[in-house]
Amino acid sequence: MGKVIAIANQKGGVGKTTTAVNVAASMAATKRKVLLIDLDPQGNATMGSGVDKYDAPNTCYELLIEEKPIKDVVISDTSGKYDLIAANTDVTAAEIKLMEVFAREVRLRNALAPVRNYYDFIFIDCPPSLNQLTVNAMAAADSVLVPMQCEYYALEGLTALMDTIKKLASVVNPELTIEGVLRTMYDPRNRLANDVSEQLKRHFGEQVYRTVIPRNVRLAEAPSFGTPAMYYDRSSTGSKAYLALAGEILRRSKKENIANVS
């Protein structure tokens, strides 16, 4: 059964969507079958995948509210060579309508059930807030990947986010774990970034990925061309970092599988 990873941080501007698009593309480049779900009404992951969010025939709205079969909602022709479920402003309406439906927290989990065996990895790009869409992602996911910048306020927010994830897990998904904490937009010349990075490693230990995503102009430019960074400039430090992250996720998953079997 494929692994479902929610990429979440209630703080915006931490590289969440950049991570979702680029780790999905990097994982697809290793010949894994990958699905990226854009749950953010801004639709940035959709546009970054080379899909016009205004032209998408179906989005998460049709999946969650109209309960269309997932095979009818998936877009397979993306610039990142992974499958995509798109988002646009219609998904804002989905959040409101979810309040009115039965078993609203598990709509996404139920929708994904038919394809869990088909994909190796399913990544969910969550909105930068704790709402019904994020709750659906947490209920559907096996684990949560948390991107964060190495700055003081981000460190404070991370502790609050971890508490929120634990509370959500106890209510909607007792199996939910922390996949890892990813340091993004990292500048090793910045003393504060180095200090916060060390605090992170002391506090969260092995949950912090060894891979660090640097500040990189190619990562910032790629979305305007509707493509992941590895297809915009494969030699850039940002592209190489996300390929390294994909490798680290694969190694961790292999260890987990071995541990579960034994």
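How are helices H5 and H7 oriented to each other? I looked this up in the model, which is predicted.

**Entry 1: H5 and H7.** I took H5 as residues 90–98 and H7 as residues 132–140. Their packing angle is about 80°, and their axes lie 9 Å apart. An angle of 65 to 115 degrees counts as roughly perpendicular, and H5 and H7 are therefore roughly perpendicular to each other. I then listed the contact residues: H5 contributes Val91, Glu95 and Leu98, while H7 contributes Gln132, Leu133 and Asn136. By class, the contact of H5 with H7 comprises 3 nonpolar, 2 polar and 1 charged residues.

**Entry 2: H9.** I checked the span of helix H9, residues 191–204. Its 14 residues reach 20 Å from first C-alpha to last, close to the 20 Å expected at 1.5 Å a residue. I found Ala193, Val196, Ser197, Leu200 and Phe204 of H9 to be buried. These residues cover an arc of only 105° around the axis, so they sit on the same side of H9. Arg191 and Arg202 are exposed on the other side of H9. I also asked what the buried residues of H9 pack against. Their partners are strand S5 (143–149), helix H8 (152–172), strand S6 (177–186) and strand S7 (208–214).

**Entry 3: Leu192.** I turned to Leu192, which is found in helix H9. Leu192 counts as partly exposed because its relative accessibility is 42%. Setting aside residues up to four places away in sequence, I noted that Leu192 touches Cys150, Glu151 and Tyr152. Leu192 and Cys150 are separated by 42 residues in sequence and by 7.4 Å in space, C-alpha to C-alpha.

Note on methods. Residues numbered from 1 in each chain as written. Predicted model: local features only at pLDDT ≥ 70, side-chain atom pairs only at ≥ 80, totals over all residues. Heavy atoms only, no water. Axes fitted to C-alpha atoms, helices over the stretch in contact; angles between N-to-C directions. Helix = DSSP H or I, 4+ residues; strand = E, 2+ residues; numbered from the N terminus. Parallel < 35°, antiparallel > 145°, perpendicular 65-115°, else oblique. Contact = heavy atoms within 4.5 Å. Nonpolar A, V, L, I, M, F, W, Y, C, P; charged D, E, K, R; others polar. Expected span 1.5 Å × (residues − 1). Buried < 20%, exposed > 50% of the residue type's maximum accessible area, 1.4 Å probe, protein only. Arc of directions from axis to C-beta.
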